[in-house]
Amino acid sequence: MTHLIEAIELTRYFNIGRHQRVHAVEKVSLAIAEKEILGLVGESGSGKSTFGKTVVGLHDKTSGQVKLRGETLPQHYRPADFQRYASRMQMIFQDPYSSLNPRMTIGEIVGEGLRLHSSLDDKQVKDRVAEWLVKVGLQAGHMSRYPHEFSGGQRQRIGIARALILEPDFVVCDEPISALDVSVQAQVINLLGELQSTMGLTLLFIAHDLSMVRYVSDRMAVMYLGSIVEVGKADDVYFTPKHPYTEILIGSNPEPDPELERSRPSTAISGEIPSPVNVPAGCRFANRCPKVMPVCRDVTPELLPLKDLDRQVACHLYT
Ligand code: SF4
């Protein structure tokens, strides 16, 4: 299988003070095939967004690598690198309220990437912006308006047009609907789905709503305290989770379909996620895991393929 994007042991720490650091993302290896949608789930603070931003170069890598079509991307991005990769990798942000500059018109916001990263003249940029506003369900005449004149759902459509106008190969969607009213969430998801299939986009779809991620994604990866604990086909992970954390996370996520809801075991997650500053030895989930064993507190489980299943799990129950 051709991987469009590949993270290899990608690590991102943030220094706080002189002697402490936040282990936000630790040795994460994930590959996404061309035109595939990989959903990334986990609780708040699990490192999902930091991983997405590190993959597209918005955060420097502490260690590890990211490859785009086999090409190793820079460890630290310089302005020229953003210029070089902007047309190939983009990000759609969570908050459509703060991610749009209130002093810029919609035309300036959506066309900025083309002005910076293409050789199109003003007229061509304007035409392309008009085309994209219509593609995302707005009107060409909205170009001269400002972000505050639009609803949350419309602003996220503007964010989508801004990210996709450069026709990137790979897009990180960082909780693209979690700040929106429930009534418009499905519309934005459907729009993203249509654009993904017509443009042949490869997506990393970050979200905490597992049923939404199952609906949208081909495969699903589960992150806990900066590490991946399970990866597999989205339906398989959702309906037959193997890692104890995945099992609890899915059991505690509300399922919109009442029939599916009845067939799932209901569980609640207990205890606090440990601090990413003082990461525990051994399995990071040990203090909350109902199946913890003595080995779990000493030895860090590796993410390994499960026999006879298209699944990878990091848990001593399977080693
Ligand atoms: Fe639970 Fe041990 Fe598996 Fe960690 S390695 S999830 S503590 S059983």
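In this predicted model, four strands build an open sheet in the order β2-β1-β4-β5. The pairing is antiparallel. Strands β2 (20-33) and β5 (71-72) are the edge strands, and each pairs on one side only. Strand β5 is joined to β4 (residues 63-68) by two antiparallel bridges. Here leucine 68 of the pair stands opposite glutamate 71 in β5. Helix α1 packs on this sheet and touches β1 (3-16), β2 and β4. The direction of α1 makes about 115° with that of β1.

A further open sheet holds eight strands, in the order β6-β7-β8-β3-β9-β10-β12-β11. Its pairing is mixed. Strands β6 (89-92) and β11 (304-305) stand at the edges with a single partner strand each, so one side of each has no neighbour in the sheet. Within the sheet, β3 (residues 37-41) and β8 (residues 202-206) run parallel and share four bridges. Isoleucine 37 has leucine 203 as its bridge partner in β8.

The ligand sits in the largest cavity. Around the ligand are 13 residues, of which Cys283, Cys289, Cys296, Cys315 and His316 come nearest. By class, this shell has 10 nonpolar residues, two polar residues and one charged residue.

Note on methods. Residues are numbered from 1 along each chain as its sequence is written. This is a predicted model: local features need pLDDT of at least 70, side-chain atom pairs count only at pLDDT 80 or more; totals for chains, interfaces and linings use all residues. Side-chain values use heavy atoms; hydrogens and water are left out. A residue is near a molecule or strand if one of its heavy atoms lies within 4 Å of it. On a 1 Å grid over the protein atoms alone, a cavity is a set of points where a 1.4 Å probe fits but cannot get out, and a pocket is an open set with protein on both sides within 12 Å along at least five of seven lines; lining residues have an atom within 4 Å of a point. A molecule sits in a cavity or pocket if more than half of its atoms lie within 2 Å of its grid points. Ala, Val, Leu, Ile, Met, Phe, Trp, Tyr, Cys and Pro count as nonpolar, Asp, Glu, Lys and Arg as charged, and the others, Gly among them, as polar. Two strands pair if DSSP finds at least two bridges between them. Contact means heavy atoms within 4.5 Å. Axes are lines fitted to C-alpha atoms, for helices over the stretch in contact, and angles run from 0 to 180 degrees between N-to-C directions.
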